[in-house]
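Dear colleague,

Please find below the structure that I am handing over to you, followed by an account of what was found in it. I would be grateful if you read the two side by side.

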Amino acid sequence: MPAGGKVAFPPITACDVTADVNRRSIAADLDGTLILSLSSFPYYMLVAIEAGSLLRGVVILLCLPLVLIAHIFVSESLGIKIFFFVVFAGLRIQDIEFAARAVLPRFYAANVRRDSYELFERCDKKVVVTVSPRVMVEPFVREYLGADKVLGTELEVNPLTQRATGFAKKPGILFGKWKKMAVMKEFGDETPDVGIGNRESDHEFMSICKEGYMVHSDKSASAVPLDRLKARLRFHDGRLVQLPTPLTILVTFLWLPFGLLLAFLRLYFNLSLRIYFGLSLLKRVVRYTYPMLGIQLVINGRLPPPPSPGSPGNLYVCNHRTTLDPIVIAIALGRKISYITSSVSHLSRLLSPIPTVALTRDRKANAARIRSLLQKGDLLVCPEGTTCREPFMLRFREVFAELSDRIVPVAVNTKQSMFYGSTIHGVKFWDAFFFFMNPRPRYEVTFLDRLPEEMTCSGGRSAMEVANHVQRLLAVELGFHCTQLTGKDKRMLLGRNDG
């Protein structure tokens, strides 16, 4: 026992996780312990922005000095309470749940600390005890870390509005002695074999464990490879590309006015040049206007010749990254092309510089309509049915293969540094604006060779074989992985019913 009667716990580096020691249960803190980053600020900011708005994020950033003053000069508990209120007050609980399930896992998964996780995953009963709201961390901790139970702060929710009040249910913020009480209640007489934490306030619950280890901040500490986690991240949502640390989010907010103005300018050029020059000249014009506006458009492969008079057009089949895919492909081709989609708003159809046709639920009517459009010219379809940000290829719907043997695969990829140009939770109308708000957005379009006749349905292949073949061609070109996941799987995994 050191001076003052406080228990001195050894560092996590002193723990031999490979030793034949009976460690059946563990109670572990989250931020700074299982997660590399000491500060939970970025994750709360993500919830505030994705479940609330960018304006709420600005308010949180402005209130941060007040929170730090309360934390340092009054008490850590008071600072946490103020921060909780600013972040959560007025948010719908279902929006918080969505952010926890669809947004946070990508950022948490990239920052799981290796030495802590190796000890954590070796135990049979795994419990995470954290000051963060349970609803905010539970989806990630259970699915990706394999925790059996999450002991976290319970948010108070107004039963009439189903919105968070900004306060915590009794006994309040799970901090210090309340962590100890929660662990004792969970384990009963069987105290945890191991306890790990990173703050002095964690000593409370660590003191009742048979072993305790401190996870000190260490710049040399490494993150767990993503494939070592209990689940693979396939889908995620949210507008922010980077983890919003205080400096990063400050730069982002300072950029917003300029980014919004730049996005309007870029979209105006796209629309106005299309109207005045047409697609054939637009391709030549954007070689100069796009670099001037900071847009990078890379076109690879041999462009197929336009259909000759009297012959049907080509059916271009591409993977789906953002709602701008058909417009960028049309610009790359430099000629008129129609786009087939499963759903499109009237406003989007009105503003689109290319003809956009929405399909119905009648498969026969859709087939007849597509054949009619192919007789008039080229057609573009995204058989994945929804956008995918990760390096995966969703299952291709095979209906396109039945309708044409002039199939041209097109590989599409994007790069952005601040904002994603796709979402299932936000308003889709803003997708193009967010993509063009990036300082230097990049689009890469690669035209592959047209499928030989023997690889189409006319050559005796089934529609499913053709669809799978095109999916594999695009995956190889982009370095992506083929999956059998669908747009419906994406919506179910992310917890939304809209595409």
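Helix α2 (residues 54–74) supplies the largest share of the nonpolar patch, namely five residues; helices (H or I, at least four residues) and strands (E, at least two) are DSSP runs, numbered from the N terminus. The patch lies on the surface and consists of L68, I69, I72, F73, V74 and L78, which together have about 630 Å² of accessible area. Patches are made of residues with over 30% relative accessible area and no salt bridge, where like charges are joined within 9 Å and nonpolar side chains (Val, Leu, Ile, Met, Phe, Trp, Tyr) within 5 Å. Accessible areas come from the Shrake-Rupley method with a 1.4 Å probe, and for residues only the protein chains shown count as cover. I69, found in helix α2, counts as partly exposed because its relative accessibility is 48%; buried means under 20% relative accessible area, exposed over 50%, and partly exposed in between (1.4 Å probe, protein chains only).

Please note that this is a predicted model, in which local features need pLDDT of at least 70 and side-chain atom pairs count only at pLDDT 80 or more, while totals for chains, interfaces and linings use all residues. Residues are numbered from 1 along each chain as its sequence is written, and side-chain values use heavy atoms, with hydrogens and water left out.

In helix α6 (residues 114–122), the residues S116, Y117, L119 and F120 are buried. They lie on the same side of α6, because they cover an arc of only 165° around the axis; the arc is that of the directions from the helix axis to the C-beta atoms. The buried residues of α6 pack against β1 (25–28), β2 (125–133), α7 (134–145), β6 (194–197) and β7 (211–214), contact being defined as heavy atoms within 4.5 Å.

E121 lies in helix α6 and R228 in the loop between β7 and α10 (246–292), so the pair ties together parts that are 107 residues apart in sequence. E121 is partly exposed at 23% relative accessible area, and R228 is partly exposed at 29%. A salt bridge here is a side-chain nitrogen of Lys or Arg within 4 Å of a carboxyl oxygen of Asp or Glu, and by this rule the count comes to 22.

Two further pairs may be of interest. E138 and R134 form a salt bridge (2.7 Å, N to O); both lie in helix α7, four residues apart, about one turn of the helix. E138 counts as buried at 18% relative accessibility, whereas R134 is partly exposed at 25%. R395 and E398 also meet in a salt bridge (4.0 Å, N to O).

How many disulfides does a search of the whole structure find? The search finds zero, a disulfide being a pair of cysteine sulfur atoms within 2.5 Å. For C457, the nearest cysteine sulfur is that of C482, 18 Å away. C457 is partly exposed, with a relative accessible area of 29%.

Finally, T387 lies in the loop between β12 (379–381) and β13 (392–393), and counts as buried at 8% relative accessibility. Leaving aside residues up to four places away in sequence, T387 touches H320, R321, T322, S422 and K490.

Yours sincerely
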